[in-house]
Amino acid sequence: MAKREHITDVFVIGGGVNGCGIARDAAGRGFSVFLAEMGDLASGTSSAATKLVHGGLRYLEYYEFRLVREALAEREVLWSMAPHIIWPLRFVLPHHKGLRPAWFLRLGLFLYDYIGTRKLLPPTKTLDLRSSPLGRPLKDGYATAFEYSDCWVDDARLVALTARDAADKGAVIQTRTKVISAVRENGLWTVRLQDVDSGLKGTVKAKLIVNAAGPWVDSVLREAAGQNDANNVRLVKGSHIVVRKLYEHDRAYFFQNKDGRIIFAIPYERDFTLIGTTDQDYKDDPRDVKISEEETSYLLAAATEYFERPVSAADIVWTYSGVRPLFNDHKSKAQEATRDYVLTTEGDAKTGAMLNVFGGKLTTHRRLSEEALEHIEKVLGSRGKPWTKGSKLPGGEFGPREFDQQVERLNEAYPNLTDKFLRRLVRQYGTRATLLLGGATRMQDLGETFGADLTQREVEYLIEHEWARTADDILWRRTKLGLRIGAGDKARLETYLTTRKTRGRK
Ligand SMILES: Cc1cc2nc3c(=O)[nH]c(=O)nc-3n(C[C@H](O)[C@H](O)[C@H](O)COP(=O)(O)OP(=O)(O)OC[C@H]3O[C@@H](n4cnc5c(N)ncnc54)[C@H](O)[C@@H]3O)c2cc1C
C-alpha cells in the first residue's frame with residue numbers, strides 16, 4: 001500500500017515577527033504548522049525596528065485610533081509575556097517653541113494615558129527641564145517637557161523566542177529555506193522549497209498558506225503564486241544610528257523636527273544611544289537596504305538640534321536599516337502611510353486558501369496573529385480558543401517587576417560568575433539562563449570565549465535551541481555582542497562554526 005503523504009494544515013512563509021506569531025498561535029491551538037524562512041529568523045524587517053512596544057503617539061495625528069488603542073493595550077500584555085526582553089521605558093518629550101503647541105501635546109498624552117488599558121505603567125507627568133536632571137543633556141532654552149510611558153523590546157529575540165515556543169508546541173521551523181513556488185491542486189497547495197545553502201529542493205503539501213513575507217509579500221504573490229499584478233504594500237525605509245552613550249540617565253527622548261517628523265534617542269545596550277528613524281519610499285531589494293549619507297546627516301542634525309553636545313559622524317559605532325511593509329493606502333507622504341495591518345484571504349477549503357499579511361508592527365503582532373487565526377479557522381474549522389494573552393514566551397516565566405530578583409537568584413546559584421555576565425544572560429534568556437549554564441561553576445567551564453563574554457556554551461545553546469548558524473545570527477540577532485566584539489574575535493567565531501559544521505558532516 002502506498003504511504004500516505006503528510007499534509008500540513010498551515011504553511012507559513014516568513015520567519016519575522018508576524019510569521020512566527022501566527023505559527024505559535026496556530027500550533028498552540030493544535031494545527032500542524034510548517035514555517036519556512038529564507039534567511040535567518042528576523043533577518044528581514046523584524047530586527048531593524050526602533051524596538052518600541054508603543055501605542056505610537058505620532059499616529060494620533062493621523063487619527064489611527066483603532067491601532068493606537070490596540071497597541072497601547074498590548075504594552076502590558078507583551079511585557080508580562082516576556083519580562084526579560086521587554087520592559088518599561090519613560091520618554092521625555094520636550095516642548096519646542098514654534099512646533100506643536102504645549103496644549104496639543106498635553107491633549108495627545110491625555111488620550112495616550114486613557115484610551116488603552118494601563119495598570120502597571122505610570123502616567124504622564126510634566127517636567128521643568130530647567131531644574132530637572134533630565135534637562136541637563138539638552139541645550140538651554142527647552143523649558144517644559146512631558147514624560148510618558150511605553151516599553152522597549154529586543155525585536156530579534158522576540159522573534160527567536162516566538163519561534164522557539166511555536167516549535168515547542170509542535171511547529172516545524174525551517175530557516176535558510178526559500179519558498180520558490182506554490183501551486184494549488186485539488187484543494188491542496190504544493191509548496192516547493194529550496195535550501196539556500198545546499199540548493200537542495202523539496203516539497204510540502206499544505207491546506208492553507210500564510211504569506212507573512214513582510215516586504216516580500218508582493219514578490220511572493222508575483223513570483224511564487226503567479227499573481228503578476230500584486231501591488232499591496234508600500235515599502236518605506238527607516239534607518240538608525242548607534243552612537244557612544246550621550247547621557248547617563250535611563251530615559252529616552254522624543255524629539256520633534258521642523259519637517260513635522262519625530263526622532264527618538266534611546267539608551268541602548270548599556271553603553272550606547274540609539275537614534276532614529278527616517279521615512280523614505282524604497283524601491284530596491286529589501287535585502288540590500290542600508291543607510292544613506294543623507295539619512296545619517298538628517299539624524300545627526302536632528303539630535304544636535306536638542307543635545308547640548310553636537311552629535312557627529314565620529315560618534316557613530318553602528319547603523320542599521322529596514323524596510324516597513326506598509327499597507328498601501330495611497331497617502332502622498334511616506335510618514336503618513338497607515339501603520340495598521342490588513343489581512344486578506346483568497347480561496348477556501350475546497351480550492352486551497354492563502355492568507356496574506358500586509359503591514360503590522362512588533363507591538364501588534366500578537367493581536368494580528370489572533371485575527372489571522374480567525375481567518376484560518378474560517379477555512380480549516382475551529383480548533384481552540386485564543387490563548388496567547390496571559391501566556392509566557394520561553395524564559396519569561398516570572399513577573400513583570402521581578403527582573404532584579406531573577407538576577408539575584410542566578411547570582412546565588414552561580415557565585416563565581418560575575419553579576420554583569422549573569423545580568424546579560426537573564427536579559428536574553430530569562431529563566432532559561434540556567435538551562436544554558438547547567439552545572440558550570442566558573443567561566444572556564446563554559447568553554448572557549450570569542451570576545452566580550454560570549455562563550456562556546458552560549459554559541460552551542462543558540463545553535464541547538466534558537467536556529468543560529470552564522471556569526472551574524474549570533475552577534476547581531478540573538479545577541480548584540482557585535483557592538484563589543486572585534487574583527488579578530490568574529491573571525492575566530494566563524495572558524496569555530498565552520499569547523500563544527502565540517503565535523504558534523506563527517
Ligand atoms: C525603521 C523601522 C522602525 C520600526 N519600529 C518599530 C517599533 O519601534 N515598534 C514596532 O512595533 N514596530 C516597528 N516597526 C515595524 C516592525 O518592525 C515591522 O512591521 C515588522 O517587523 C514586520 O514583520 P514581518 O514579520 O511582517 O516582516 P519581516 O520581519 O520582514 O519578515 C518577513 C520574512 O519573510 C522572509 N521571506 C520573504 N520571502 C520569502 C520566501 N520566498 N521564502 C521564505 N521566506 C521568505 C524574509 O526573509 C523575512 O525574514 C519598525 C519598522 C521599521 C522598518
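Which residues touch the most other members of the largest nonpolar core? I started my notebook there.

**Ground rules.** I am working with a predicted model, where local features need pLDDT of at least 70, side-chain atom pairs count only at pLDDT 80 or more, and totals for chains, interfaces and linings use all residues. Numbering runs from 1 along each chain as its sequence is written, and side-chain values use heavy atoms, with hydrogens and water left out.

**Entry 1, the cores.** I looked up the largest nonpolar core, which holds 62 residues. A core here is a set of buried Ala, Val, Leu, Ile, Met, Phe, Trp, Tyr and Cys residues joined through side-chain atoms within 4.5 Å. Buried means under 20% relative accessible area, exposed over 50%, and partly exposed in between (1.4 Å probe, protein chains only). Tyr 148, Leu 437, Leu 454, Val 459, Ile 474, Leu 475 and Leu 493 touch the most other members. Helix α9 (residues 419-429) gives this core its largest share, 5 residues; helices (H or I, at least four residues) and strands (E, at least two) are DSSP runs, numbered from the N terminus. I also noted a second, separate core of 49 residues, with Ala 82, Ile 86, Leu 158 and Leu 393 among them.

I then listed what Tyr 148 touches, leaving aside residues up to four places away in sequence: Leu 57, Leu 89, Arg 90, Phe 91, Leu 93, Leu 109, Tyr 112, Thr 124, Phe 254 and Phe 264. Contact means heavy atoms within 4.5 Å.

Which residues of α9 are buried? I found Phe 421, Leu 422, Arg 424, Leu 425, Val 426, Gln 428 and Tyr 429. The buried residues of α9 pack against α4 (155-168), α8 (403-413), α10 (433-437), α11 (456-466) and α12 (471-478). Gly 430 follows α9 and has a positive phi, near 55°.

I took α1 (residues 17-28) first: its axis lies 8 Å from that of α7 (residues 365-380), at an angle of about 55°. Axes are lines fitted to C-alpha atoms, for helices over the stretch in contact, and angles run from 0 to 180 degrees between N-to-C directions. α1 and α7 are therefore oblique to each other, given that under 35 degrees counts as roughly parallel, over 145 as roughly antiparallel, 65 to 115 as roughly perpendicular and the rest as oblique. The contact of α1 with α7 has 7 nonpolar, 4 polar and 2 charged residues. For these classes, Ala, Val, Leu, Ile, Met, Phe, Trp, Tyr, Cys and Pro count as nonpolar, Asp, Glu, Lys and Arg as charged, and the others, Gly among them, as polar.

Next came α2 (65-81), which packs on α7 at about 100° with the axes 9 Å apart. These two are therefore roughly perpendicular. Glu 70, Glu 74, Val 77, Leu 78 and Met 81 of α2 meet His 365, Arg 366 and Arg 367 of α7, and by class that contact has 3 nonpolar, 1 polar and 4 charged residues.

Most residues other than glycine have a negative phi, and most peptide bonds are trans. I looked for exceptions.

- Tyr 63, in the loop between β3 (52-53) and α2, has a positive phi of about 60° and counts as exposed at 65% relative accessibility.
- Asn 186 has a phi near 45°, sits in the loop between β8 (177-185) and β9 (188-195), and is exposed at 80% relative accessibility.
- The peptide bond from Gly 276 to Thr 277 is cis, with omega near 20°; Thr 277 lies in the loop between β14 (272-276) and β15 (280-281).
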